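Come and read along with me.

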Amino acid sequence: MTSMAPAPRQLPRRAVLGAALAASGCAAVPAIVSAASINARMRGDISPVHDPCIIRQGDTAYLFSTTGSAREAAEGLIPIRTSRDLIHWQRAGHVLAELPEWARQAVPDAAGAWAPDIAHFNGRFHLYYSVSTFGSNHSVIGLVSSPTLNPSDPAYAWRDDGQVIASTRQDDFNAIDSNVVRDLNGDWWISWGSFWTGLKIARMDPGTGKPSDDRVHAIARRPEHPGAVEAPFIITHHGWHYLFASFDLCCRGLESSYTLVVGRSRDVLGPYLDREGRDMMQGGGSPIIAPSPRYPAFGHNAVLQDAGQDYLVFHAYDRDRDSAPVLRVSPIAWSADGWPGASL
């Protein structure tokens with residue numbers, strides 16, 4: 001979910017950590033036969049889905065997304081959906097019944113939980129979420145964790161692990177849209193950011209799931225477009241770190257201008273350069289998907305790296321569904337020179 005920064009001209013969401021999951025004994029989701037057929041064949045509870053991320057345990061893929069309407073918020077926060085094949089999806093409850101007391105105190109006007117990110121490390125599944133209000137950087141990132149995602153397992157329970165990162169109106173960043181990555185050296189990091197001065201990253205302690213120190217590094221910004229960059233997602237692939245991000249404006253249905261871009265770096269701290277060599281700290285970013293008449297805008301992606309295939313997971317505003325955000329899971333095609341592409 002976007003939180004917009006005020007601007008003079010306009011107002012302003014993983015790698016599934018395959019190695020970590022393999023170490024935990026989690027099996028892969030069954031392979032999809034035809035890459036291009038996933039979205040065309042997708043069925044079930046796939047809309048409204050905003051800011052999706054996917055991880056798998058055993059033979060089941062688990063999808064988490066932003067809480068949508070006020071009606072949905074009354075039922076619970078951060079809806080869960082499941083699938084055995086990435087095509088057929090069904091609702092499977094919510095992560096939170098309501099916001100924890102500490103989050104309500106930290107951001108009193110917040111009503112929902114946005115932009116989840118899910119990762120497995122240190123023997124637990126860690127789900128990060130954002131608490132904010134639209135247009136403000138008075139925000140916090142919270143964390144809950146569980147030893148399993150299977151609700152029929154007696155060990156299933158989401159533990160409140162509290163606040164991870166916070167921002168106030170005095171900060172130059174917005175503490176929403178988090179993502180966890182293990183870099184090529186084996187070190188852990190958490191990135192975040194929406195508008196203001198762009199995307200940030202900090203070293204993470206895998207023992208706590210929280211930053212290990214106070215040092216914050218900038219990895220992307222858009223000086224010429226009133227900050228319109230958000231939702232970092234970093235994966236490693238063939239010796240590179242790839243930074244995916246969303247440009248421009250979400251949450252306006254067919255009037256949205258949301259789109260997905262990418263850059264890469266040998267170092268998780270950057271500089272991230274796009275295909276043309278432009279630095280993402282200076283507004284660079286190579287487009288990944290072309291819009292279509294049915295899906296004119298899309299964004300806030302995650303990446304599922306699974307069974308030898310990478311999938312771009314995101315939402316798109318669907319003209320055939322009265323502009324509602326719909327789940328898209330698109331196999332990534334890597335070019336010969338190492339750049340990702342996908343389709344709607």
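**Terms first.** I call a residue buried when its relative accessible area is under 20%, exposed when it is over 50%, and partly exposed in between (1.4 Å probe, protein chains only). The model is predicted, so I note that local features need pLDDT of at least 70 and side-chain atom pairs count only at pLDDT 80 or more, while totals for chains, interfaces and linings use all residues. Residues are numbered from 1 along each chain as its sequence is written, and side-chain values use heavy atoms, with hydrogens and water left out.

**Overview.** I looked up the elements and found 4 helices and 23 strands in the chain. Helices (H or I, at least four residues) and strands (E, at least two) are DSSP runs, numbered from the N terminus. Of the 344 residues, 58% count as buried. The chain exposes about 13100 Å², and carbon and sulfur atoms supply 49% of that area. Such areas come from the Shrake-Rupley method with a 1.4 Å probe; for residues, only the protein chains shown count as cover.

**Strand β3.** How many of the residues of strand β3 are buried? I found 5 of the 5 (residues 60-64), so the strand is largely enclosed by the rest of the structure. In a regular strand the side chains alternate between the two faces of the sheet. Here Thr 60, Tyr 62 and Phe 64 point one way, Ala 61 and Leu 63 point the other way, and all are buried.

**Partners of β3.** I count two strands as paired if DSSP finds at least two bridges between them. Strand β2 (residues 53-57) pairs with β3 in the antiparallel sense over 5 bridges, and Ile 54 stands opposite Leu 63 in β3. The hairpin of β2 and β3 has 2 residues between the strands, and Gly 58 takes a positive phi near 60 degrees there. Strand β4 (residues 77-83) also pairs with β3 in the antiparallel sense, over 4 bridges. In β4, Ile 80 is the bridge partner of Phe 64.

**The core.** Phe 64 came up again: along with Leu 312, it has the most contacts inside the largest nonpolar core, which has 59 residues. Strand β20 (residues 309-317) gives the largest share of this core, 5 residues. A nonpolar core is a set of buried Ala, Val, Leu, Ile, Met, Phe, Trp, Tyr and Cys residues joined through side-chain atoms within 4.5 Å.

**Salt bridges.** Side chains of opposite charge can pair when their charged atoms come close. I used this cut-off: a side-chain nitrogen of Lys or Arg within 4 Å of a carboxyl oxygen of Asp or Glu. My search of the whole structure gave 14 salt bridges.

Which residue forms a salt bridge with Arg 294, with the closest N and O atoms 2.8 Å apart? I found Asp 318. The two sit in distant parts of the chain, 24 residues apart: Arg 294 in the loop between β18 (286-287) and β19 (298-306), Asp 318 in the loop between β20 and β21 (325-331). Is Asp 318 buried or exposed? Asp 318 is buried, with a relative accessible area of 0%, whereas Arg 294 is partly exposed at 34%.

Arg 294 also meets Asp 320 in a salt bridge (3.3 Å, N to O). Asp 320 lies in the loop between β20 and β21, so this pair ties together parts that are 26 residues apart in sequence. Asp 320 is exposed, at 56%. Asp 318 forms a salt bridge with Arg 321 too, at 3.4 Å between the closest N and O atoms, and Arg 321 is partly exposed at 37%.
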